[in-house]
Amino acid sequence: MDIAFIDNLAYNRDSVMHKASALSKVTMVALVIAAVVISTEALVFVIALAILLTTFSISNLPVLRILPFAGYAFIFSLIFAVSSIGGGITPIVVILKAVTAAVSMLLLITTTPYPQIFALGRKIFPTILLDAMLVTYRSFFILMEQVERVIIALRMRGGYSPLRVVGNLDIMGKVVGHGFIHAWELSENMQNAMLIRGYRGGMPVSAARKHSIKYSLLPVLLGATVLATAVFA
């Protein structure tokens with residue numbers, strides 16, 4: 001996942017969604033997730049996805065380049081869906097639930113600079129917890145990039161082949177182990193760098209900009225529409 005690409009979309013695009021406040025868009029995501037939790041109707045999620053994808057289009061965002069990021073949710077939900085066959089919920093609903101929630105989050109982070117999102121957390125979470133969330137957010141993308149580079153190196157050296165399932169599992173186990181050790185080293189280096197720069201708790205996060213209420217109504221209405229569809233469907 002390319003964090004520079006997401007940051008560029010959040011900072012440099014101009015649309016109604018970009019002009020809406022971070023609080024209104026977080027509210028939209030909360031309403032969509034509430035709909036995901038309470039509904040088991042596939043039609044509800046189809047309508048929700050249609051609304052969200054339409055919003056991507058009117059937000060001047062490259063939909064086809066953003067949607068592959070929801071593939072992570074699709075893959076993990078597919079595993080859970082297969083394991084829950086025969087249960088009280090159909091596999092397609094499980095997948096639609098995960099993808100709908102993921103797409104709503106993508107709409108949030110591609111239209112809202114992440115400092116504005118974390119600035120909202122200042123009023124809710126302890127400072128140390130918010131600092132940990134901010135560092136984790138950045139570190140996740142760094143680690144994902146490192147893992148992608150290791151996998152590319154393995155492919156170039158012939159260490160990974162789609163036809164060798166057992167061998168690939170062994171190699172992927174080593175990649176995960178390497179990633180864990182690298183994550184440990186990264187956390188230590190980051191902690192030392194923060195202490196050297198005078199960190200005493202409370203990383204500076206810029207407050208959200210002033211937004212017009214008329215722009216902030218759109219995401220709230222979208223979220224409310226999805227939730228109402230889930231309730232009355």
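Are phenylalanine 180 and tryptophan 184 buried or exposed? I looked them up before anything else. Phenylalanine 180 is exposed, and tryptophan 184 is exposed too. I kept in mind that this is a predicted model.

**Entry: the aromatic pair**

I stayed with these two residues. Both sit in helix H10, which covers residues 165-196. They are four residues apart, about one turn of the helix. I then looked up aromatic pairs and found two in the structure. In the pair of phenylalanine 180 and tryptophan 184, the ring centres are 6.5 Å apart and the planes stand at 40°, so I noted the pair as tilted. I wrote down both values because a pair of aromatic rings is described by the distance of the centres and the angle of the planes.

**Entry: the whole chain**

Next I stepped back to the fold. I counted 11 helices and zero strands in the protein chain. Along the sequence, the pattern reads α-α-α-α-α-α-α-α-α-α-α. The C-alpha trace spans about 55 × 55 × 30 Å along its principal axes. The chain has 233 residues, and 36% of them count as buried. It exposes about 13,800 Å², with 70% of that supplied by carbon and sulfur atoms. I also checked contacts between residues at least 6 apart in sequence. Of these, 79% join residues at least 24 apart.

**Entry: the cores**

Which residues touch the most other members of the largest nonpolar core? I found Phe56, Ile66, Val103, Leu106 and Leu107, out of 37 residues in that core. Several helices each supply at least two residues of this core, including helix H1 (3-12), helix H3 (22-38) and helix H11 (213-232). H7 gives the most, with 11 residues.

I followed up valine 103. Leaving aside neighbours within four places in sequence, valine 103 is in contact with Leu49, Leu52, Phe56, Leu67 and Ala70. Another core lies apart from the largest one. This other core has nine residues, among them Tyr114, Leu134, Tyr137 and Met203.

Leucine 134 got its own check. It lies in helix H9, residues 127-156. Its relative accessible area is 10%; buried means under 20%, so leucine 134 is buried. I also took a distance from leucine 134 to alanine 22, which is 112 residues away along the chain. Their C-alpha atoms are separated by 16 Å.

**Entry: the surface patch**

Then I turned to the outside. Tyr72, Phe74, Ile75, Phe76, Leu78, Ile79 and Val82 form a nonpolar patch on the surface. Together they have about 690 Å² of accessible area.

**Entry: two loop residues**

Where is serine 15? I found it in the loop between H1 and helix H2 (16-19). Serine 15 is buried, with a relative accessible area of 8%. Leaving aside neighbours within four places in sequence, serine 15 is in contact with Ile58 and Ser59. I also compared serine 15 with tyrosine 215, 200 residues apart in sequence. From C-alpha to C-alpha, they are 9.4 Å apart in space.

My last stop was asparagine 60, in the loop between H4 and H5. Its phi is positive, about 60°, although asparagine 60 is not a glycine. Asparagine 60 is partly exposed, with a relative accessible area of 42%.

How values were computed. Residues are numbered from 1 along each chain as its sequence is written. This is a predicted model: local features need pLDDT of at least 70, side-chain atom pairs count only at pLDDT 80 or more; totals for chains, interfaces and linings use all residues. Side-chain values use heavy atoms; hydrogens and water are left out. Patches are made of residues with over 30% relative accessible area and no salt bridge: like charges are joined within 9 Å, nonpolar side chains (Val, Leu, Ile, Met, Phe, Trp, Tyr) within 5 Å. Accessible areas come from the Shrake-Rupley method with a 1.4 Å probe; for residues, only the protein chains shown count as cover. A salt bridge is a side-chain nitrogen of Lys or Arg within 4 Å of a carboxyl oxygen of Asp or Glu. A nonpolar core is a set of buried Ala, Val, Leu, Ile, Met, Phe, Trp, Tyr and Cys residues joined through side-chain atoms within 4.5 Å. Buried means under 20% relative accessible area, exposed over 50%, partly exposed in between (1.4 Å probe, protein chains only). Contact means heavy atoms within 4.5 Å. Rings of Phe, Tyr and Trp (its six-membered ring) pair if their centres lie within 6.5 Å; planes under 30 degrees apart count as stacked, over 60 as edge-to-face and the rest as tilted.
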